[in-house]
Amino acid sequence: MGSSALLFQAPGALDLANQRRIWALARQVAGWPGIREAAPGMSNLLVIFEAQSCDPEALQARLLSIWSTVNDTPEAGRLVELPVIYGGELGDDLGLVADRAGMTPRETAQLHASTDYVVFAPGSSPGFGYLFGLDPRLFTPRKNEPVLRKQTGTIAIGGIQTSIGAAAGPSGWNAIGCLSEPLVPFDPHRDPPSVLYPGDRVRFRIEAIVA
Amino acid sequence: MIEIVQTPPLNSVQDLGRYGARHYGVGTSGAMDDVALSTGNLLLGNPAGAAGIEIQMFPFQVKFRSDVAMAITGADCRAELDGTLLPPWWSTNARAGQSLVLQAPATGARSYLTIAGGVDVPVVLGSRSTCLRIGYGGHRGRALEAGDRLVCGPDSQARQPQGGIGAEPPEAALAAAAADGAGDETVLRVVPAAEHDAFPAPSRCAFWQEAWTVSAQSNRMGFRLMGTPLHLDQPLEIRSSGIVPGIVQVPPSGQPIIQLRDANSAGGYPKIGVVIDADLWRLGQARPGAKLRFVSVTQQQAAEVQRETEAYLSQVAELARLCRREARR
């Protein structure tokens with residue numbers, strides 16, 4: 001990952017056991033000398049180091065050797081319930097996702113809201129994060145060209161992942177709904193700054209389904 | 001204190017970036033031309049990473065409300081202090097009441113105004129940089145506006161010698177990567193990234209051998225490039241990961257995007273390479289329409305370029321220190 005970062009990609013499936021080990025690895029690596037940041041992704045870890053003081057080959061070797069010994073200690077996450085309006089203007093890809101799954105938009109929304117998701121990693125903008133637990137029937141590839149999302153709180157599907165949009169801006173994910181109550185995803189002056197953290201569980205409550 | 005008299009949108013307070021808040025999904029922000037910001041600070045005897053003003057829209061005008069030493073670095077913006085033209089890459093003393101006017105540069109994209117003691121805005125999550133995309137840090141989490149008043153840091157008593165101190169511009173001092181390209185191309189050193197080898201040979205050849213044009217959809221978040229589209233033989237399902245400034249992602253359209261200082265902190269598009277940190281300043285000075293060319297380097301070669309950049313900055317700091325000492329005798 002360039003001149004001052006490495007991307008550690010864990011072998012194996014995207015699952016909770018593997019991800020707990022990623023979180024544990026992140027905590028360990030953050031304390032190593034010469035490390036600026038260690039940020040968990042979806043079964044991977046971005047490690048940013050001081051290029052002057054850290055040898056990337058030695059760091060790579062250390063990451064690989066320690067991975068087998070990292071334990072999957074459970075995180076003490078909270079359960080956060082979020083009300084959602086599925087479909088409508090802010091979830092205009094619900095029909096597309098439903099068609100791919102061979103279901104009606106209503107069935108699609110009910111399936112999406114039927115599981116508790118686990119926050120696996122910080123998102124592309126601060127506040128919510130990437131969620132794990134999407135039913136494989138709802139897997140939908142990202143769009144060819146990102147489209148502009150004008151507000152936060154969009155519930156979307158990108159490939160095998162689902163998330164809540166934390167910032168307005170271009171996104172290649174398929175929007176299937178939005179939070180019915182606006183939430184400020186991130187405020188550095190609030191305690192805690194983010195609505196969701198890795199390890200938290202998210203339950204979507206169907207507020208409405210707009211066909 | 002300095003007061004902003006005139007500014008178009010998108011000029012902001014920046015330092016060398018925000019590190020240590022990525023577990024929130026917080027990206028780095030920071031100066032697009034980190035070498036120019038550092039050079040300005042070092043001319044003044046500041047730490048390299050003190051906060052300054054990044055000016056990317058012109059004309060820009062400030063009025064000094066107190067005596068303070070200041071420096072102008074980056075793109076040559078024909079800066080005038082009360083009507084007197086200052087040389088580019090120059091630092092001098094401004095007196096209370098004087099006005100500084102910066103005009104749109106003929107080449108380059110961004111100029112930096114640094115002041116002795118640095119711009120003293122609150123530190124948010126370890127940095128004074130403004131994240132324009134989300135709206136925190138810097139001066140009230142936003143771009144500068146006419147009427148804003150910025151306070152100088154506690155060490156603002158430093159004075160430059162009569163006549164001022166200049167620095168050799170990094171484009172003269174720091175060798176660009178050798179390439180066969182035309183003279184007006186910006187050549188960038190790139191370390192291949194995780195999905196590089198997944199691209200078929202024709203796409204890899206196009207990436208490394210052709211010139212890429214910076215599109216009009218380019219800003220502090222990232223540059224969209226125009227050229228021969230790059231395509232995978234079949235789509236890859238990529239798990240989202242943290243990303244860094246300089247990463248070159250290839251969305252399904254095949255037109256690469258270089259993510260920069262205000263980019264998303266994570267993403268899932270295929271990554272073909274990452275522009276090395278020591279060449280990011282060259283991108284910070286590239287305008288829409290500029291031609292880019294990529295050359296492949298290893299992390300070891302990147303570290304060597306980083307050392308050259310550090311040596312250049314140390315030399316600037318040392319010469320400025322000697323000039324100030326000489327002047328005090």
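The axes of helix α3 (residues 94-101) of chain A and helix α4 (residues 105-112) of chain A come within 9 Å of each other and cross at roughly 90°. That makes α3(A) roughly perpendicular to α4(A). Axes here are lines fitted to C-alpha atoms, for helices over the stretch in contact, with angles running from 0 to 180 degrees between N-to-C directions. Angles of 65 to 115 degrees count as roughly perpendicular, under 35 as roughly parallel, over 145 as roughly antiparallel, and the rest as oblique. Helices (H or I, at least four residues) and strands (E, at least two) are DSSP runs, numbered from the N terminus.

A word on the source before going on: this is a predicted model, in which local features need pLDDT of at least 70 and side-chain atom pairs count only at pLDDT 80 or more, while totals for chains, interfaces and linings use all residues. Residues are numbered from 1 along each chain as its sequence is written, and chains are lettered from A and ligands numbered from 1 in the order in which they are written.

Which residues of α3(A) meet α4(A)? From α3(A) come A:L94, A:G95, A:V97, A:A98 and A:A101, and they meet A:P105, A:T108 and A:A109 in α4(A). Contact means that the C-beta atoms of two residues, placed from the backbone, lie within 7 Å. By class, this contact holds six nonpolar, two polar and no charged residues. Nonpolar covers Ala, Val, Leu, Ile, Met, Phe, Trp, Tyr, Cys and Pro; charged covers Asp, Glu, Lys and Arg; the others, Gly among them, are polar.

Both helices lie across strands of chain A. Helix α3(A) lies across β4, β8 (154-158) and β11, running at about 125° to β11(A). Helix α4(A) lies across β4, β11 and β12 (201-210), at about 160° to β12(A).

These strands belong to a closed barrel of seven, in the order β4-β11-β8-β9-β6-β5-β12 of chain A, with mixed pairing. Its neighbouring strands are turned by 40° against each other on average, direction ignored. Two strands pair if DSSP finds at least two bridges between them.

## Where the chains meet

How many residues of each chain take part in the contact between A and B? Chain A gives 44 residues and chain B gives 40. On the chain A side, the elements giving two or more residues are β1 (5-9), β2 (35-40) and β3 (44-49). That side divides into 22 nonpolar, 19 polar and three charged residues.

Four of the five residues of β1(A) are buried, so this strand is largely enclosed by the rest of the structure. A residue is buried if 20 or more other C-beta atoms lie within 10 Å of its own, exposed if 12 or fewer, and partly exposed in between. Strand β1(A) pairs with β3(A) in the antiparallel sense over five bridges, and A:L7 has A:L46 as its partner.

The largest nonpolar core has 150 residues, of which A:L45, A:V47, B:V274 and B:V275 touch the most other members. Such a core is a set of buried Ala, Val, Leu, Ile, Met, Phe, Trp, Tyr and Cys residues joined through C-beta atoms within 7 Å. Helix α5 (residues 299-328) of chain B gives the most to this core, with seven residues. Beyond its neighbours within four places in sequence, B:V275 contacts B:L188, B:V190, B:G246, B:V248, B:I258, B:L280 and B:L283.

Strand β9 (residues 99-102) of chain B has a covered face, B:L100 and B:L102, and an uncovered one, B:S99 and B:V101. An open sheet of six strands has the order β2-β3-β10-β5-β8-β12 of chain B, with antiparallel pairing. Its edge strands are β2 (12-14) and β12 (165-166), each pairing on one side only.

| Strand pair | Bridges |
|---|---|
| β4(B) (residues 60-64) and β9(B) | four bridges |
| β6(B) (residues 80-81) and β9(B) | two bridges |
| β8(B) (residues 90-94) and β12(B) | two bridges |

Within these pairs, B:K63 is partnered by B:S99, B:E80 stands opposite B:V101, and B:S91 stands opposite B:I165.

Is B:L144 buried or exposed? With 25 C-beta neighbours inside 10 Å, B:L144 counts as buried. This residue is found in the loop between β10 (111-115) and β11 (149-150) of chain B. B:L144 and B:T7 are 137 residues apart in sequence and 7.2 Å apart in space, C-alpha to C-alpha. Not counting residues up to four places away in sequence, B:L144 touches B:I4, B:T7, B:N11, B:S12, B:I53 and B:H139.
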